[in-house]
Amino acid sequence: MKFAVKILAVMIAIVLLPHYTMAESDTEEKELTDEEKQEMRMALYQKAEAISQIPWYYYAAIDQYERNIHDEYASESGIISITFPKNLWNGKTNPSENDQQHKAFIDLFNGIGADGNGDNIADRTDDEDIIQTMADWFSRRGHSKQDIKIAIWDFYNRELSVQTIMNTAKVYKSFKTLNLEEHAFPLPKGYNYSYRNTWGDPRGFGGRRIHEGTDIFANYGVPVRSTSYGVVEMKGWNRYGGWRIGIRDTHNIYHYYAHLNGYEDNIKVGQVVKPGDVIGYVGASGYGPKGTSGKFPPHLHYGMYKDTGETEHSFDPYPYLRRAEANE
Ligand SMILES: [Zn+2]
């Protein structure tokens, strides 16, 4: 019986689908500015909030996370980046891999794809359908912060993904805007400092490591500032880094500030920061047990690590520092 239903469904699909596969037009698209894209995104997030009673910034955060981990998105609009795997959208046993299917058809296979624009089609490439599907995903799991965390966990099965999205949501909530592209140089103007590109140099301490960052030499006590919007993810002693701080920004990048002399008073894990916020002070801590200092000249070690959604890797911060310095 179940099989017969599926056969019937497939036949219906064959009759109905060609129309939708033709739907992609070749009308000329004009490039949207980043601002226009952000406005359109915000409208979709707010629509999702209205449907689900889950705040817009969670949609913004998950969408931003997806923008950071994929090179290509299901949606071609450049607006929404959330990309549902085909077999999740259509249902594992769905015989069709088509991106545009009747909602009633994919329901037969427990696909999660939803129809957000009222055309009865769950279109995996349509922004409104995507955001509706995300709204359903959250709604099914509840409205508390813990429920939202579980919903994100169910989607990624990865702790760092959950943490990053929750933190990004916190940043959006704090600043109430999607426009968080501003950057700052870690040391303020008016202090003497120097740095050069030491990426990949061998390190003396801790075995065969290479230098994963840029050293900015300055005097003890020069303020160290956050270079980006983000959330303090890590704070405390580390054998190599001494007193260090790690800040995750909204681009899945972890900014690592090491060898500090001390922290700014109010800095704690979970705190939201913006570019230019003082987080600590230049020192020479590290290369030994807790409290070790003065084994090298005072400097800020600044590292950048990108999380791809699967692994984290360091990359050379030097060009970013030069650019931020030039824009100050
Ligand atoms: Zn260094």
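This briefing looks at three loop residues, Ile 79, Asn 252 and Tyr 287. The model is a predicted one, in which local features need pLDDT of at least 70 and side-chain atom pairs count only at pLDDT 80 or more, while totals for chains, interfaces and linings use all residues. Residues are numbered from 1 along each chain as its sequence is written.

**Where the residues sit**

- Ile 79 lies in the loop that joins helix H3 (56–69) to helix H4 (86–90); helices (H or I, at least four residues) and strands (E, at least two) are DSSP runs, numbered from the N terminus.
- Asn 252 belongs to the loop between strand S7 (242–248) and strand S8 (253–263), whereas Tyr 287 is placed in the loop between strand S10 (278–282) and strand S11 (299–307).

**Burial**

- Ile 79 is buried because 21 other C-beta atoms are within 10 Å, and the term applies when 20 or more other C-beta atoms lie within 10 Å of a residue's own, with 12 or fewer giving exposed, anything in between giving partly exposed, and C-beta atoms placed from the backbone.
- Asn 252 counts as buried because it has 22 C-beta neighbours inside 10 Å, while Tyr 287, with 19 other C-beta atoms within 10 Å, is partly exposed.

**Surroundings of Ile 79**

- Leaving aside neighbours within four places in sequence, Ile 79 is in contact (C-beta atoms, placed from the backbone, within 7 Å) with Lys 37, Met 40, Arg 41, Leu 44 and Asp 127.
- Ile 79 and Leu 32 are 47 residues apart in sequence, and their C-alpha atoms are 9.4 Å apart in space.

**Backbone angles**

- Asn 252, a residue other than glycine, has a positive phi near 65 degrees.
- Tyr 287 is not a glycine either, and its phi is positive at about 65 degrees.

Key: Two residues are in contact if their C-beta atoms, placed from the backbone, lie within 7 Å.
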